[in-house]
Every structure is written in structure tokens, then in C-alpha cells.
Amino acid sequence: MPDEPTEKNKWDRWAGGIDCPMCQPRPESNEYWDFVARLNISSLYLSKNQTYRGHSLLILDVRHATRPDHVSFDEWALFCADLYAAEKALMQTLQPDHINVEMMGNVVPHLHWQIVPRYRSDPRWGAPVWTTTRNEMTVTALPQADQIDLIRKVRNATNKEALPD
Ligand SMILES: [Zn+2]
């Protein structure tokens with residue numbers, strides 16, 4: 001299949017803002033996330049993979065951007081303020097032993113933070129959560145009622161207006 005995009009040229013297309021899966025309009029729910037709250041310049045989503053309870057993504061809303069130098073300093077400052085609010089909400093809601101905040105863009109090159117609460121009991125305590133390939137990651141889905149309850153608690157803790165359902 002000569003037209004089948006390879007992983008590499010898919011990344012290049014997405015980095016150029018073509019068919020980027022994190023650009024707006026963005027689904028409130030898909031196989032990867034559920035919407036939690038709209039913040040100043042970004043939106044918070046609870047990951048469908050809850051191996052690390054509270055694992056969330058904070059995705060830049062205003063435009064496609066791949067790296068920090070693609071946004072203005074004021075936009076970057078607002079994005080960091082949103083990260084602060086999201087991290088604090090997750091810490092208050094879940095009281096994990098630690099929390100990881102990571103910006104990589106190796107899979108989806110659109111500015112987003114991975115916010116990963118860490119627990120002494122978690123499968124990779126003392127090490128990064130990321131293994132060598134995504135296929136090696138442990139995947140844990142919560143029962144739907146638990147996922148919805150967790151979304152509500154984190155949303156309340158952000159002290160921000162959520163989008164109407
Ligand atoms: Zn994008």
C-alpha cells in the first residue's frame with residue numbers, strides 16, 4: 001500500500017497542523033480521554049488509561065503549536081498557570097505520593113502536558129511511567145461510574161466553569 005502513511009510521515013503531517021488529533025474542534029470523549037474542564041488557554045482531560053489514578057492530559061486550545069517557542073510568552077505563561085491549577089486539583093482530589101508532569105510530543109506533536117499522579121504502590125514507582133513502546137504500557141480502564149465520579153471531583157477541584165454537557 002504505497003499511500004499508507006508511515007508513523008514518521010504521520011508525525012510530520014501532524015506537526016505541520018494537518019489532521020492533528022489534538023487540534024480544535026476536539027471530541028469531548030474518545031478512546032484516549034474524557035473532558036474534565038476548560039481552563040484559561042487549555043482543556044483538561046482524564047485519560048481513559050487509569051493505571052496511574054488521575055492520569056490526565058492538559059491540551060493547548062488556542063491553536064496548533066508543537067513546541068513552546070510556537071506560542072507567545074503570554075500564552076506560555078497562561079498555559080503554565082493552567083498546568084499549576086490542574087496539578088493542584090489532582091493533588092487535592094487524589095493525594096498521590098508524587099506527581100509527574102511531562103511534555104514530550106513524540107506521539108502527538110501538539111502542545112500538551114501529561115500529568116501523572118504517582119503512588120508508592122504503582123507499577124513503576126521510582127522510575128518514569130513510559131516504557132520503550134506504547135504496547136508495553138499497562139492499560140487500566142476504570143468502571144464507567146468510577147471514571148465519571150473522578151471527572152466530577154477533579155472538575156470541582158479546578159474551581160472553573162466546565163463546558164455544558
Ligand atoms: Zn494540533
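Predicted model: local features only at pLDDT ≥ 70, side-chain atom pairs only at ≥ 80, totals over all residues.
## Overall build

Let us begin with the parts list. The protein chain holds 3 helices and 5 strands, and read from the N terminus they follow the order α-β-β-β-α-β-β-α. The radius of gyration is 16 Å, close to the 15 Å that the globule rule gives for 165 residues, so the chain is as compact as a globular protein of that length.

If you turn the model along its principal axes, the C-alpha trace spans about 45 × 35 × 30 Å. Of the 165 residues, 26% are buried. Contacts also reach across the sequence: among those between residues at least 6 apart, 60% join residues at least 24 apart.

## The sheet

The 5 strands come together in an open sheet, and its order is β1-β2-β3-β5-β4 with antiparallel pairing. At the edges sit β1 and β4, each of which pairs on one side only. On average, neighbouring strands are turned by 25 degrees against each other, with direction ignored. The helix α3 packs on this sheet, where it touches β1 and β2, and its direction makes about 20 degrees with that of β1.

In soluble globular proteins, nonpolar side chains tend to be buried together. In this model, the largest nonpolar core has 29 residues, and those with the most contacts inside it are V36, L44, Y45, L46, L58, A86 and V154. Several elements each supply at least two residues of this core: β1 (33-38), β2 (42-47), β3 (56-60), α2 (73-94), β5 (112-118) and α3 (144-158). The largest share, 5 residues, comes from α2.

For a closer look, pick out Y45. Leaving aside its neighbours within four places in sequence, Y45 is in contact with W33, D34, F35, V36, S56, L57 and I59.

Methods: Residues numbered from 1 in each chain as written. Helix = DSSP H or I, 4+ residues; strand = E, 2+ residues; numbered from the N terminus. Rg over C-alpha atoms; globule rule 2.2 N^0.38 Å. Buried ≥ 20, exposed ≤ 12 C-beta atoms within 10 Å, placed from the backbone. Contact = placed C-beta atoms within 7 Å. Core = buried A, V, L, I, M, F, W, Y, C linked by C-beta atoms within 7 Å. Pairing = 2+ DSSP bridges. Axes fitted to C-alpha atoms, helices over the stretch in contact; angles between N-to-C directions.
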